Amino acid sequence: MLTSPLQLRGRSAPSRVLFGPHVTNLGRGRALSERHVAYYAERAAGGCGVIVTETASVHESDHPYERAPLAASCGPGWRAIRSECGPALVLAGLGHAGAQGTPAFTGRALWGASGVSDVVSREVPQVMERTEIDALVAGFAAAAAAAVVAGLDGVEIQAGQHSLLRQFLSGLTNHRPDAYGEDRSLLLREVVGAVRAALGPDHVLGLRLCCDELAPWAGITPDSAPAALTAPLPASPASREFRHRESGVPAARVASSLPASRRLRDTESAVPGERASIAQLVDYLVPVRGSGLTVSATRPDLHTPPGFNLPLARGVLGLGVPVVLQGSVVDPAMAEAALEEGVALVEMTRAQIADPRLVAHVRAGTPERIRPCTLANQHRARDPRNPLVSDEAEPRSGHETLDPPLPLTPGGARGDLLVVGGGPAGLEAARTAALHGHRVRLVERAPRLGGALRFAAAVHGRARFGLLVEWWERELDRLGVDVALGVEADPADLSGDVVLATGSVPSPPAFVAGPDVVVLPAGEFEAAVHAAAGPRRPSDPPGPDATSAVLPAGAHVVVHDPIGDWTGVGVAEQVAAAGVPCVLVTPDAVAGTQLSRTGDLADANARLERAGVVRELFARLRSVGSGTALLTDVDHGAAREVPCTVVIDCAHRLPDDGLWRGHPGLLRGEPEAPDSRSRSSRLALPEVPTRGGRECDSREPAARPAGVQGAGRGSPARDSRDREARLVVAGDCVAPRTVHEAVREGRRAVHGLGSSPAAVPAGRPSADPARPPGS
């Protein structure tokens, strides 16, 4: 069923999979860019049925993040996306963030239902009066009409997270004494009526609606939400002159400019004499959860089980409107099961960021080839740093105009490549080279593949990372890569084309440890836990017994966390789950401070509290001995002590660079990023520092290390030794890397060695543009 077509308003979606609206930071100013076009086209080529573009603000009062699209500026972008997305239905996401926005870019007060400050920004909005309400409704109608003019198949109204419409629906944020407070769904019904009138009867109208704010004392609940869908629309919202204050263009006039055959009166109902309801006017409903109090609950990380919104979807199945299941659905089997229960579509947004060809693999009967989605949220684009949307193991997502696609099938024989190291960088380098036709040999000194990623998957709550290891194992086997485990490479082995991805080693402790103290770097601790648990799949996490077996009897554990990412928090949870007393020491004001980027900060601290982990904040670990750890305050230096017999050190690791340093003359370098200034080609290729045995020609980018100009240690030499070895380093042996960074460098390392379309001039595509890129 997942790959079967679905009819919406007489339009055929090629599959039952929806790619939902989300922040991408791919825009240029407030317009959709060529990067958006390439990003959505990848998912359409992979078989996605319905694509909803990044939510565009329907009024200029709303500018929630720097590159947030503005509907008035999106016409050309919408048109370009529609032209490149083939059979997929393309809808415009439309919304207004209201009090969950920011005044940083407009200099104006935010709009809100009532003067209730936002929990995150603490901003108190301007209470909307009739003028602002009319402008908002007009903005929705005008944006819908513009989407029709641009050739889109319809629109989706945002009334979920980061939505002014949800704020009007909720008793948490709507304390109005007027009609919009007495009937909190009134504004939503006016907007839906106006948008349907602007769209006409032939275009798709979707609604993303919060059905549970997780705040039952005053917020929207699963029991109260259906009432908004079944209540009749107000008498004649579309007949009013909803006038945009600045433009002075009545939205009703925009809608009436459509041909008569394409107009639909907002009052129409299937029953003569009755006024229509939202459920009768919309073509699908996406029930979601979360509010300003629980922003992370809408798209939570991997600690929340996939499919968490299935109960919400079941609760609205009987309203007569097609229902879309949203909620961390990343497994086609789960999606199929939901379709069998009666939902019409399944949103698989993060799954298609991880693998744009998800539907194509299901259709081909090869679901095992789908790149797993970790749900770690480490590439959320709604972040003050404005990062581009991407994925841990698919770095090309969000960078489609810069990074070249991989072949769909392995190419012809192109030579030999040695990959040293079986972590993420080495695994992706081997896979990339094999897809380009190389005969690849990968050597790994450990008895199993995965490197540090295998041990990261053992950390409490991170088991989904193990799915990536299992996927790479299947891919290397499918592609015929020669994998040698338990083999230690030495400098004499480094001949021909070589990718070095030898990983990392622990850094020396930054504290003094007495002889009676056990100090375990986090990676080595997890390796020992893995060994104690015995053979198992990487995604099958060791139990508490394995953790207990690694720690001495009667241990008091201090988890030293100077970084503040998921490692220290996860290790502390793991130790506490084994029933061992645990103290987490951090120099920050809160444990796991970097988890604010993934949306897990508050939840992580709540889990630590429930687990009984003591959090020592604003603290530095100075020394350990005689059963105690000495801590000092980071601000005023006051000392305090906590019980300690074991330290698990979650500090940064250092590059394991002994192999290339042991071979005089080998170049140390890391793959460079593609030149973001090269916009003339979607296949601009990266320059990667190499030490090569052939001169670059006009088809290859000049190879040089970052920061090195001209001749010297970083310049490609041309003697007999160089002809014997061309070496690139990637991953943790360059510097501590995330999975995303390691995968990107492993892939670019192969490109830099000339194994990819890098031999094609940057201004000319290296593959048939009509051919969908590989996954």
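Everything described here comes from a predicted model. Tyr 180 is buried as well, at a relative accessible area of 3%. By the ring-centre rule, the count of aromatic pairs comes to six. Phe 168 and Tyr 180 make one of them, an edge-to-face pair with 6.3 Å centre to centre and 85° between the planes. Phe 168 belongs to helix H4 (residues 164–169) and Tyr 180 to helix H5 (residues 179–182), so their pairing ties together parts that are 12 residues apart in sequence.

Phe 465 and Trp 566 give us a stacked pair, with centres 6.2 Å apart and 20° between the planes. This pair links distant parts of the chain, since Phe 465 sits in helix H16 (residues 465–478) and Trp 566 in helix H19 (residues 566–577), 101 residues apart. Phe 465 counts as buried at 2% relative accessibility. Trp 566, at 19%, also counts as buried, because the cut-off is under 20%. Elsewhere, ring pairs join Phe 19, Tyr 39 and Tyr 40 into a cluster.

In soluble globular proteins, nonpolar side chains tend to be buried together. The largest nonpolar core here has 152 residues, and within it Trp 78 and Leu 207 touch the most other members. Helix H3 (residues 130–149) gives the most to this core, contributing 11 residues.

Leaving aside residues up to four places away in sequence, its contacts include Ile 157, Leu 188, Leu 229, Ile 278 and Val 282. Glu 156 and Tyr 284 are also among the residues that Leu 207 touches.

## Helix H14, covered along its length

Helix H14 (residues 424–435) has 12 residues, which at 1.5 Å a residue should span 16 Å; its end C-alpha atoms are 16 Å apart, in agreement. You will find H14 mostly covered, with 12 of its 12 residues buried. Among the buried residues are Glu 428, Arg 431 and Thr 432, along with Leu 427 and Leu 435.

What do the buried residues of H14 pack against? Their partners are the strands E14 (416–420), E15 (439–444) and E17 (496–500), together with the helices H15 (452–456), H16 and H23 (739–752). After H14 comes Gly 437, which has a positive phi, near 95°.

## How H17 meets H19

Two packed helices are described by the angle between their axes and the distance between the axes. For helix H17 (residues 522–533) and H19, the axes come within 12 Å and cross at roughly 40°. H17 passes H19 in a left-handed crossing. On the H17 side, Ala 522, Phe 525, Glu 526 and Val 529 take part, meeting Thr 567, Val 571, Gln 574 and Val 575 of H19.

Most residues other than glycine have a negative phi. Asn 25 has a positive one, near 60°. Asn 25 is found in the loop between strand E3 (17–19) and helix H1 (34–45), and at 0% relative accessibility it counts as buried.

Phe 618 is not a glycine either, yet its phi is positive at about 55°. This residue lies in the loop between strands E23 (614–616) and E24 (619–625). Is Phe 618 buried or partly exposed? With 34% relative accessibility, Phe 618 counts as partly exposed.

Key:
Residues are numbered from 1 along each chain as its sequence is written. This is a predicted model: local features need pLDDT of at least 70, side-chain atom pairs count only at pLDDT 80 or more; totals for chains, interfaces and linings use all residues. Side-chain values use heavy atoms; hydrogens and water are left out. Rings of Phe, Tyr and Trp (its six-membered ring) pair if their centres lie within 6.5 Å; planes under 30 degrees apart count as stacked, over 60 as edge-to-face and the rest as tilted. Helices (H or I, at least four residues) and strands (E, at least two) are DSSP runs, numbered from the N terminus. Buried means under 20% relative accessible area, exposed over 50%, partly exposed in between (1.4 Å probe, protein chains only). A nonpolar core is a set of buried Ala, Val, Leu, Ile, Met, Phe, Trp, Tyr and Cys residues joined through side-chain atoms within 4.5 Å. Contact means heavy atoms within 4.5 Å. The expected span of a helix is 1.5 Å times one less than its number of residues. Axes are lines fitted to C-alpha atoms, for helices over the stretch in contact, and angles run from 0 to 180 degrees between N-to-C directions. A crossing is left-handed if the near helix is turned anticlockwise from the far one by less than a right angle, and right-handed if clockwise.
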